[in-house]
Amino acid sequence: MLQRIDPPRAASSAAATRARVFKFVELSLVTWACIYFALIAVSGLTYGRSVAFGLALALAVWLALGAVFYDAAPVPIPDRYLWVAVLAWAGWSSASYFWSSHPAFSRAEIGTEVGWGLCTVFVFYVSARSGAAFRAVATTAVGVAVLLSVVAIQAVLLRAGADPEKMLSHLHGGVGAFSTYLVLVVPLLPMLLAPRPLGYGTGAVNVACVSASFILLVVAARATENRMIWLAFAAGFIVAAGLAAWRWRGRLARAPRRWTAVLLGLLLIVAVLFVDAAMQRARTDHRSETSVAKTISDDPRFALWQYTFERIRERPWVGFGFGKSILRTELLDELRDPMLAHAHNLFVSQWLQTGAIGVAALCALLLALAWRFAAFLRASDGVLAAIGLTGLAMLTMFITKNLTDDFLIRPTSKEFWALCALLIGYGIRRERNWGLTR
């Protein structure tokens with residue numbers, strides 16, 4: 001005889017099976033997102049990175065479709081001003097193909113930076129489904145930074161006189177990209193000491209691991225001989241300290257000297273390392289008796305920016321087409337310096353590429369991110385406030401670092417978009433009380 005199945009029981013069983021499937025997909029998505037992020041941060045390994053990206057994107061789409069058709073894996077829709085700002089920047093950058101001075105180059109850059117970048121945002125926004133997922137990605141970002149720092153420091157120590165640029169180009173695209181990655185990762189370190197669900201707590205082992213990681217990242221930053229990283233650190237520390245003092249003013253009132261001592265200590269370390277890096281750069285690029293002030297005044301970027309603004313006047317509103325190196329050939333012919341093949345400033349570079357309208361779109365996007373993080377900071381929930389503080393510090397440091405360069409490109413752009421999407425995705429879920437407790 002055929003067994004009769006009660007319809008409500010069958011529907012309940014199907015729903016439970018579907019929930020288990022989506023839970024497995026969720027775990028798989030976080031796993032592949034972490035692998036993808038790790039492979040972004042390491043130069044080479046292109047095939048593995050593409051596989052990880054493809055699997056993570058497919059799993060993220062699966063979960064998004066589940067939210068639409070089954071309501072089994074809900075994905076929060078971000079604030080309207082956020083996705084409007086993203087689409088405005090992406091749309092205008094993509095439209096520049098039609099008036100680009102080098103259409104083939106712009107088409108390739110639009111696919112790599114805009115298309116791939118938006119997909120990366122989608123993957124990590126969907127991935128931020130629980131405290132465990134947040135910790136996994138944050139730990140991956142810090143862990144890879146520590147690994148690269150150890151390798152970089154070891155290479156410098158074992159090969160005295162080694163060129164940091166050549167050495168780091170095999171790890172993370174050179175000293176500029178590597179130092180920018182450090183700027184993105186350092187604000188995550190305090191998050192790992194937060195209580196669950198955000199971090200691992202302030203146990204002795206956790207504090208020791210985070211402290212050792214911070215020291216390694218600082219030493220590796222010095223190995224890059226990059227000067228702007230110290231200004232970025234200083235800006236981030238000041239902004240973070242000021243916002244934290246405002247948000248947790250009750251705690252500041254109870255121990256003002258301790259808070260002030262920590263900030264002053266960090267700024268003193270940064271100042272010493274900045275001067276040391278500047279003196280090292282003066283010895284490397286100039287005669288040994290050349291002063292640091294003279295080195296800065298003779299920086300070739302000033303001539304570059306003068307020439308760049310002359311070219312901007314030719315197309316002030318729409319630019320020459322999307323792509324950091326859109327005028328690479330022209331700049332090399334004029335300045336005859338391979339290091340000056342792009343504008344060396346995030347906003348000037350955007351203006352050169354997509355005109356004043358493109359700069360306005362980029363500024364609107366950065367302001368939208370800052371506004372979202374500020375909303376988290378103002379929340380009564382301490383976890384949300386910590387997310388907002390981290391996001392604002394990271395944004396400040398990233399912008400400061402890119403005032404003399406443009407690393408909103410290639411691995412560092414994917415890392416920036418991924419971490420912003422992670423912070424915002426998790427924050428919005430918690431803000432809307434979606435039960436993120438793990």
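Which glutamate does the side chain of arginine 311 meet in a salt bridge? Select arginine 311 and glutamate 314 to see the pair: their side chains meet in a salt bridge at 2.9 Å, N to O. Arginine 311 has a relative accessibility of 14% and therefore counts as buried, the limit being under 20%. Please note that the model on display is predicted.

**The whole chain**

The protein comprises 17 helices and 0 strands. Of the 438 residues, 50% count as buried.

**Salt bridges**

Side chains of opposite charge can pair when their charged atoms come close. In this model the count comes to 9 salt bridges, among them the pair visited at the outset and the two that follow.

*Arginine 372 and aspartate 79.* Select these two residues and display their side chains. They form a salt bridge in which the closest N and O atoms are 2.6 Å apart. Arginine 372 belongs to helix 15 (residues 346-378), whereas aspartate 79 sits in the loop between helix 2 (46-69) and helix 3 (80-95), so the pair ties together parts of the chain separated by 293 residues in sequence. Now inspect the surroundings of each partner. Arginine 372 counts as buried because its relative accessibility, 3%, is under 20%. Aspartate 79 is also counted as buried, at 18% relative accessibility.

*Arginine 410 and glutamate 113.* Move to this pair, whose side chains meet in a salt bridge at 2.6 Å, N to O. Here, too, distant parts of the chain are linked: arginine 410 is in helix 17 (residues 410-431) and glutamate 113 in helix 4 (residues 103-127), 297 residues apart.

**The network**

Salt bridges that share partners join Glu109, Glu113, Arg410 and Lys414 into one network. The tour may end with this group displayed together with helix 4 (residues 103-127) and helix 17 (residues 410-431), the helices that hold glutamate 113 and arginine 410 respectively.

Key:
Residues numbered from 1 in each chain as written. Predicted model: local features only at pLDDT ≥ 70, side-chain atom pairs only at ≥ 80, totals over all residues. Heavy atoms only, no water. Helix = DSSP H or I, 4+ residues; strand = E, 2+ residues; numbered from the N terminus. Buried < 20%, exposed > 50% of the residue type's maximum accessible area, 1.4 Å probe, protein only. Salt bridge = Lys/Arg side-chain N within 4 Å of Asp/Glu carboxyl O.
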